[in-house]
Amino acid sequence: QQGTEERTNPKAASEAHRLYLRRKTEDKLRFAYELDPSHYANYTSLHFFLTEPQLGTRPELTPSAAKLAEETIEYCMRQNYDPRPALTAAAAASNILELMFNDHSWNETPKFTIAQMKQYLGVLDFCINRYVELAREWDNNGNWELLSPMRIKECDERFHFIGKFRESAVGTISRLEGELQVAN
């Protein structure tokens, strides 16, 4: 029992070795994403890795995460056979909104305007509506029955989470809009 927790190498991994391991992890996450950019877990895992400074290995994490989100939205909105890519696109739109909100919270002179936030809220709404439309088609043609109950539950949970995020985003945009009006 004690042997499982005992250190066998007296020297800790060097900073270069830890960087190497994080870079390899990032490369594997990117490879999985490139295999299927519409896969929710592939996208969200890579996005999380890119936005966490202690994990990511390349400078300018926010621009690369925003670019990843943009590419994901574009790719997923071209998929017309399955509602699940629309949920991935909605997650990507949510991530861009979150980056915009963080920019407003952390910078005295934010890069993003309220109009840009509202534009991405519109993108999020489009993705949500696309999911609802395709899910309804799947209801009608029985395609949901081809998935396991666990997969269906995952979709329901993601849809619910994205809906909650959307509600919060509307409130955040309204609050920021009010703060700007008071400041002017």
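**Close-up views: salt bridges and a helix pair**

Arginine 130 is buried, at a relative accessible area of 13% (buried is under 20% relative accessible area, exposed over 50% and partly exposed in between, with a 1.4 Å probe and protein chains only). The views below come from a predicted model, in which local features need pLDDT of at least 70, side-chain atom pairs count only at pLDDT 80 or more, and totals for chains, interfaces and linings use all residues. Residues are numbered from 1 along each chain as its sequence is written, and side-chain values use heavy atoms, with hydrogens and water left out.

**View A. Arginine 130 and glutamate 133 form a salt bridge.** Here a salt bridge is a side-chain nitrogen of Lys or Arg within 4 Å of a carboxyl oxygen of Asp or Glu. The closest N and O atoms of this pair are 2.7 Å apart. Both residues lie in helix α5 (residues 114-141), and because they are 3 residues apart, about one helical turn separates them. Helices (H or I, at least four residues) are DSSP runs, numbered from the N terminus. Glutamate 133 is partly exposed, with a relative accessible area of 39%.

**View B. Glutamate 154 meets arginine 158 in a salt bridge.** The N to O distance is 3.5 Å. Where do the two residues sit relative to each other in helix α6? They are 4 residues apart in this helix (residues 149-183), so about one helical turn lies between them. Glutamate 154 counts as partly exposed, at 24% relative accessibility. Salt bridges with shared partners join Arg151, Glu154 and Arg158 into one network.

**View C. Arginine 78 pairs with glutamate 74 in a salt bridge.** The closest N and O atoms are 3.5 Å apart. Is glutamate 74 buried or exposed? Glutamate 74 is exposed, its relative accessible area being 53%. How many salt bridges does the structure hold? The total is 9.

**View D. Helix α4 (residues 84-106) packs with α5 at an angle of about 165°.** Their axes are 8 Å apart; axes are lines fitted to C-alpha atoms, for helices over the stretch in contact, and angles run from 0 to 180 degrees between N-to-C directions. That makes α4 roughly antiparallel to α5, a term for angles over 145 degrees. Residues in contact (heavy atoms within 4.5 Å) include Leu97 and Phe101 in α4, and Leu124 and Arg130 in α5. The contact residues divide into 18 nonpolar, 3 polar and 2 charged (Ala, Val, Leu, Ile, Met, Phe, Trp, Tyr, Cys and Pro count as nonpolar, Asp, Glu, Lys and Arg as charged, and the others, Gly among them, as polar).

Conventions
Angles under 35 degrees count as roughly parallel, over 145 as roughly antiparallel, 65 to 115 as roughly perpendicular and the rest as oblique.
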